[in-house]
Amino acid sequence: MLSAFSALSACRRGAARLAAATLVSGLVAAGAVATAGTAVADETPQSPGGATATLGDLKTYGSAVIHDHGEDSWVSAGLFEMSVDDGGTLQTYCIDLHNPTQRDARYQETSWSGTSLSGNKDAGRIRWILRNSYPQVNDLTALAEKAGVRGLTEQDAAAGTQVAIWRYSDGADVDAADPKAEKLADYLQRNARDLPEPDASLTLTPAAVSGHPGERLGPVTVHTDADGVTVAPPADTAASGVKVVDGHGKPVTSAADGSRLFFDIPKDSPDGSASLTVQASTSVPVGRAFASDSRSQTQILAGSSESTVSATATVDWAAKGAIPALTAEKNCADGGVDITAVNKGDEAFTFELMGVEHTIAAGAAQTMTVPLQEDQAYDFTISGPSGFAKRFKGVLDCRTQGGASDITTQTVGEPSPASIGGSGSGGSDLAETGGSGATPVIAGVAIALVLVGGAAVLFVRRKQTPEQGPAQD
């Protein structure tokens, strides 16, 4: 039998996209320090923080049938398992039916706004399903009674839950193969109500600050559902005495939700930069999205053990001139990547982005959206005076695409599709789905035009945060 990851799994758009994609780490190592004149661009984290994990096997699953234009395609439907960096295990469902799964893909906890859930009016209903079905509800007798069936196995429960999620995440016409799993899917779909997006397990805001040496730069605020976090300051030998302190200037090694952290930069420090990392052990909230820049299917959290989560913030300082702080975040609503630039210096910050020059006045801040094509890889560097350089790279993956008529199975390294079939529980067979092979060529052409050309258009806008209502059960 094929192993669960001997093939590109149940959400595949084509192997060419995987080859073009670039994996971006969501965290910067604690203690990383560089001078402002370095010739190498720092790779700036685009993740707000949280759990980083590696995708494992499809553990508990059954079969489902996707109906599209008179064609039926059989796929496996159920729970994946992820291993969290530095400890912990996650259980996830797919919310990206026609995208690929890549073996051992690295995933980062992320907000809905950076995934296909952005703009999905039914995203909150998916969270309700997660909170009211397996594995959050592990009393299968009670769950079966609610669904109106006589008994459910774990495989039935996982398959039925996945099918109900696909109906909302992808708008798919999909049924569970097992009648009991199908009745569960219908019950969950029929009763789902809108719930707000869950908070991140751990974030730091803002993720970048700047200013003059001799000052406390910040604040950087901790947001977490953990009881407390540990703080790893920059390495003293490299940072020349840079410390992480509270609002009173007292050094800190631990913090809690709402804590305000500052970088204390010695007055005689040469121009430079540093970073800090905070870490905690907590259960990641159900409904958090997990995305991978290796083009592996987007996942949504169904269950979490006690897991290690992290977040990073950076600081840049200079005695005079422009002193920028830069962050980036995927923005699926506007189809691009938001670059936020804050200039705490006494001179304007002029920088070049993809061949276009921009200026941020002293004391000003702007958020610019770099428009990108769907599935487009990007890799660009913002440079400034005295060798300042920050690098941003990734892949914009915001939409679910394709249909059952596009579904194929393909073993890694083999160009020709194979047939689909099989079901199981905790075994090694995994039915795979996929998308059209023409789109990668189109995406590749779009990437080349943007990266080779210098005519990028940026939109300056005011960021708004939508209000969230109270959680419901």
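The legends below accompany several close-up views of a predicted model.

In this predicted model, local features are given only where pLDDT is at least 70 and side-chain atom pairs only at pLDDT 80 or more, whereas totals for chains, interfaces and linings use all residues. Residues are numbered from 1 along each chain as its sequence is written, and side-chain values use heavy atoms, with hydrogens and water left out.

View 1. Helices (H or I, at least four residues) and strands (E, at least two) are DSSP runs, numbered from the N terminus. Of the 473 residues, 53% count as buried, where buried means under 20% relative accessible area, exposed over 50% and partly exposed in between, with a 1.4 Å probe and protein chains only. The accessible surface comes to about 19,300 Å², and 49% of this area belongs to carbon and sulfur atoms; the areas come from the Shrake-Rupley method with a 1.4 Å probe, and for residues only the protein chains shown count as cover. Among contacts in the chain with a separation of 6 or more, 74% are between residues 24 or more positions apart, a contact being heavy atoms within 4.5 Å.

**View 2. Helix α4, residues 154-169, and the residue Gly171 just after this helix.** The 16 residues of α4 reach 22 Å from the first C-alpha to the last, close to the 22 Å expected at 1.5 Å a residue; the expected span is 1.5 Å times one less than the number of residues. Of these 16 residues, 14 are buried, which leaves the helix mostly covered. Just after α4, Gly171 takes a positive phi of about 65°.

**View 3. The largest nonpolar core, with 45 residues.** A nonpolar core is a set of buried Ala, Val, Leu, Ile, Met, Phe, Trp, Tyr and Cys residues joined through side-chain atoms within 4.5 Å. The members that touch the most others are Tyr93, Ile129, Leu130, Tyr134, Trp166 and Leu184, and α4 gives the most to this core, with eight residues. When residues up to four places away in sequence are not counted, the residues touched by Leu184 include Ser133, Leu143, Asp156 and Thr161. Apart from this core lies another, of 39 residues, among them Leu58, Val222, Ala226 and Val278.

**View 4. Aromatic pairs, of which a search of the whole structure finds three.** Rings of Phe, Tyr and Trp (its six-membered ring) pair if their centres lie within 6.5 Å, and planes under 30 degrees apart count as stacked, over 60 as edge-to-face and the rest as tilted. The rings of Phe349 and Phe351 are stacked because their planes lie at 25°, with centres 5.1 Å apart, and both residues are buried. Phe380 and Phe392 form a tilted pair, 6.1 Å centre to centre with 45° between the planes. This pair links distant parts of the chain, with Phe380 in strand β25 (residues 377-383) and Phe392 in strand β26 (residues 389-395), twelve residues apart.

**View 5. The one disulfide found in a search of the whole structure.** Cys332 is joined to Cys398 with an S to S distance of 2.1 Å, a disulfide being a pair of cysteine sulfur atoms within 2.5 Å. The torsion about the S-S bond of Cys332 and Cys398 is about -75°, so the disulfide is left-handed. Cys332 lies in the loop between β20 (324-331) and β21 (336-343), and Cys398 in the loop between β26 and β27 (410-411), 66 residues apart. Cys332 is buried, with a relative accessible area of 13%, and Cys398 counts as buried at 8%.
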